[in-house]
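Me: I would like to learn how to read a few features of this model. Please give the general idea of each, then the case here.

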Amino acid sequence: MVRRYRMTALSALAACWIAACGTTEPPAPVVGVTLATRADTLWADSTRQLTVLPTDAAGNAVFGRTVFWTSSDPAVASVEDGLVTGRATGEAWITATVEERQDSARITVWRPFLARTISVAGDLACASDLVGRPWCWGFNWAGAVGVGTTEFAVPAPAPVFRRTLEGVTAMGDHACGLDGGVAWCWGYNGSGQLGDGTIRGSVLPIPVSGGLTFSALGGSEGTTCGLSGGTAFCWGRTGPSPPHAFPQPVVTNLRTITVGYFHVCALDAGSRAYCWGSNIYGQLGGSTGFGAVDDGRVFVSLAAGGLHTCAVSSGGTASCWGRNYFGQLGDGGTTDRSAPTAVSAPTGLTFSAVTAGDVHTCAVTSQGQAFCWGNNAEGELGDGTTTVRRIPTPVATSLRFTELAAGHAFTCGLTAEGPVFCWGSNGAGRLGIDSRVANQLQPLVPVLLRRGQEGR
């Protein structure tokens, strides 16, 4: 069919020359063919339109010529009229041919990574898949991804070496997970944050010393904390005192814990907020060194960011305190706050959970809509721009999220169907969509599994 179409087109063109269809010279031959895309990444069942530019000997664009499209492996990526469809994980070359001149693009097809939890800190992301197995990706200095190597970047989800770990938590320069309540950590250990009694790093999970069992973990660069029987234990860089290389008890009667750069916050059994650590920017919310965030409200969600803290009350209102240089407190200004300050959300908007990154904040509504505010230099707010926002701004997507996680200049969201979408900086492959892909200013491409990783 294609061959017949080509001959028909050439015959018609020859007839035009004979009849002198407005020119005495045949059209200039095509001597060059250039595809606008030389390499791209798709996920299964997604599409990408390729465009091709034929040129003559003078480099001028030539129009009206028939383009023949072929795929080196249609089972991986098929093509019709330049529209490429991802079929299965793998790699295929899509070739455009015009008058025996051709150019090709390498198309890599991955499958979306499906998760049930997501955790982000610094330039690292970790998640538990649908059956609870741990995966990490992003910045792998000192082995924080947990795959036994120290390659700079791991740009797609990689299976953490110990597959029985649950509740895997990214902590920036290291990560931890639970196996039967026993904490295992890996990555950098310069402050003792791996909790094994040493300051030697590990590229593979190692057990935390002390014989404790934990129900939850939290951490940031240099610091790890966990809840054991309602008591918070922390290790690594835990405050003004020297670092501890094994768990130290801090406070009792807690049910959640969250860790910032130099401070820690938690909700007690009555859903009141407690914070301790550095308070240079007011990130402890009114407590002095250690104590309750005393504003009379109970909270359903609490998140410690770089140098700020945010929370969502039982009524769905958000408040933040601490550093506000980039508007990460969401009150419309840039003044630091030492007590909970209401986020300037649109009228009638209520939140169900909040996450705090280095210098930006995001929250999700009960309907699954995401809003972000603060620094946006790398597109981490997901609104399609790089404009700083000092009040909640909707993420530019129709996706609905069950969970959000914010880190250093990027954000990830977990959808109800399981795919994870990340946006913002893709430095060190932290978006999980291939390190060759530029920063994403809004959620467009889901986190993708490399070929051969399915089922691991």
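Reply: Begin with the elements: helices (H or I, at least four residues) and strands (E, at least two) are DSSP runs, numbered from the N terminus. This is a predicted model, where local features need pLDDT of at least 70, side-chain atom pairs count only at pLDDT 80 or more, and totals for chains, interfaces and linings use all residues. Residues are numbered from 1 along each chain as its sequence is written, and side-chain values use heavy atoms, with hydrogens and water left out.

Me: Where is Leu130 placed?

Reply: Leu130 sits in the loop between strand S11 (124–129) and strand S12 (134–139).

Me: Is Leu130 buried, partly exposed or exposed?

Reply: Buried means under 20% relative accessible area, exposed over 50%, and partly exposed in between (1.4 Å probe, protein chains only). Leu130 has a relative accessible area of 47%, so Leu130 is partly exposed.

Me: Which residues make the nonpolar surface patch of about 260 Å²?

Reply: Patches are made of residues with over 30% relative accessible area and no salt bridge; like charges are joined within 9 Å, nonpolar side chains (Val, Leu, Ile, Met, Phe, Trp, Tyr) within 5 Å. A salt bridge is a side-chain nitrogen of Lys or Arg within 4 Å of a carboxyl oxygen of Asp or Glu. Areas come from the Shrake-Rupley method with a 1.4 Å probe, and for residues only the protein chains shown count as cover. Here the patch is made by Leu114, Leu130 and Val131.

Me: How many disulfides does the structure hold?

Reply: A disulfide is a pair of cysteine sulfur atoms within 2.5 Å. The structure holds seven. One of them joins Cys176 to Cys185, with S to S 2.0 Å.

Me: Why is the disulfide of Cys176 and Cys185 called right-handed?

Reply: The torsion about its S-S bond is about 110 degrees, so the disulfide of Cys176 and Cys185 is right-handed. Cys176 and Cys185 are buried.

Me: What does the link of Cys362 and Cys372 look like about the S-S bond?

Reply: Cys362 and Cys372 are joined at S to S 2.0 Å, and the link is right-handed, with 110 degrees about the S-S bond. The pair links distant parts of the chain, ten residues apart: Cys362 is in strand S31 (residues 360–365) and Cys372 in strand S32 (residues 370–374). Cys362 is buried because its relative accessible area is 0%, and Cys372 counts as buried at 0% too.

Me: Are Cys412 and Cys422 buried or exposed?

Reply: Both are buried. The sulfur atoms of Cys412 and Cys422 are 2.0 Å apart in a disulfide, right-handed with 105 degrees about the S-S bond.
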